[in-house]
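Please find below my notes on the model under review.

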Amino acid sequence: MTAHVLVVDDEPLIRKSIRGVLVREGYDVVEAASGTEAWARFQEDRPDIIILDLVLGDADGVELLGRFRAEAPDTKVVLMSAHGSFENAVAAMKLGAHDFIKKPFELAEIVKAARHAERTNTLETRIAYLAAQDRKRANTVSLLHQAPVMVRLLKQVDLAAVSPVPTILVTGESGTGKQLVSRLLHDHSAVMAGPFVELNCSAIPENLVESELFGHERGAFSDAREKKLGLVEVADGGTIFLDEIGDLGAAAQAKLLTFLESRTFRRIGATSVRRVNVRVVAATNRDLAQMVAAKTFREDLYYRLNTITLHIPPLRERREDVRPLALHFMTQSSREIGRRFREIAPDATGILERYRWPGNVRELRSVITRAVLLNDDDMLSAIHLPPEVVTAALTAAESSSSSIPRRSGSPIPSLEEIELLHIRRVLEICGGNQTQAAQHLGITRQTLAKKIGASDESA
């Protein structure tokens, strides 16, 4: 990210020297020869760093320092003075200066002070952002997996993470773990030491998306009381995760496309262009190709995002992962809530693995957490699960049968044959446990045994 520096000194040679060395270091620099000009430049450019002489022809540097600090507390001011002493330096710091340089100075001192101020600005912004994220962040679970399709996906994630491709698209239904995959892409990449910054595009009103992404200057619009850094600046040197990118409106899509093509942007209300080095990971639960065909998503933006696409399969297509995930959520919730659950019974496993989980992993977590919260036992059984989940799982088990075995030649099965099929399905779900099967069927174990015995004898 290019920091903007304002150099204020009434001696032209000093201004030119400082400007020259800072420009060579990559800074965007403007000059001011007086206090009046400095204030005008400050109001216009809103610099990140001000290098300010303590004694000016028309103004007192200490007074200017106070005005700068009152107007923009996040701007770092480096004071310069020919009257350098330890006492002066301490006094400058107490007044809010970020650093103090004694004249005459080496230009390397100026560069060092600018770099220190820039690093401090970046760290303060990131700390504030990450602290806010920590307050909002819910508990997450690693991508526990046993299903072969997930093994393949995570290999692809590892390869994509270390690739030089700057933009990656992650697709999948809601609740499948797109945020977790995006986090893995960051943690396994060359920018893992940088920040990981998130923006949920569906949660931001259309008129605020540009400000959230690229920031704004003070006074850029009616509610812009302070300068705000955009999330692409906060994420500089790391990863920005744009969740639900399919929900962006047309104007925001155009702005994002421009940024992806150049990695440059302009804060709202600013005149200067800034550049960042950031990887963009976008995610969506929508079919962007269909949206392109329907002309609700830009084709050029889609192809810019679609260089590498990672698709996360829904939970119903990786049933091998259901039990490990459920066990993790149960153990975690038991520890947090203070329950005794340690194991999952076969009947509960059968229900969980046959249910289709339209809400995917997020729904599974919710179901298990509710079961642990409302019950206290050593083993989580089907009786602890919501009735609608149990009913849907049993219905799915019955409908999965290709045919009903019949003893008669009639094409229409008898009630006895339908009942027998249902009993066998429930027994299968309960892992052969007749006591649990009888409880689900609403009959006694003895009655269940008789029905099974009668069926075996007639067979």
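1. In this predicted model, helix α15 runs over residues 360-374, 15 residues in all. The distance from its first C-alpha to its last is 22 Å, close to the 21 Å expected at 1.5 Å a residue.

2. The buried residues of α15 are Asn-360, Val-361, Glu-363, Leu-364, Val-367, Ile-368, Ala-371 and Val-372. They lie on the same side of α15 because they cover an arc of only 165 degrees around the axis. Arg-362 and Leu-374, on the other side of α15, are exposed. As background, residues three or four places apart point the same way because an α-helix has 3.6 residues a turn.

3. The largest nonpolar core holds 35 residues. Those touching the most other members are Ile-351, Leu-352, Trp-357, Leu-364, Ile-368, Leu-380 and Leu-385. At least two residues of this core come from each of α13 (322-337), α14 (346-354), α15, α16 (387-399), α17 (415-429), α18 (434-441) and α19 (445-458). With 6 residues, α15 supplies the largest share of this core.

4. At least two lining residues of the second largest pocket come from each of α8 (209-214), α10 (250-262) and β11 (264-265). Helix α10 supplies the largest share of that lining, 3 residues.

Definitions and conventions
Residues are numbered from 1 along each chain as its sequence is written. This is a predicted model: local features need pLDDT of at least 70, side-chain atom pairs count only at pLDDT 80 or more; totals for chains, interfaces and linings use all residues. Side-chain values use heavy atoms; hydrogens and water are left out. Helices (H or I, at least four residues) and strands (E, at least two) are DSSP runs, numbered from the N terminus. The expected span of a helix is 1.5 Å times one less than its number of residues. Buried means under 20% relative accessible area, exposed over 50%, partly exposed in between (1.4 Å probe, protein chains only). The arc is that of the directions from the helix axis to the C-beta atoms. A nonpolar core is a set of buried Ala, Val, Leu, Ile, Met, Phe, Trp, Tyr and Cys residues joined through side-chain atoms within 4.5 Å.
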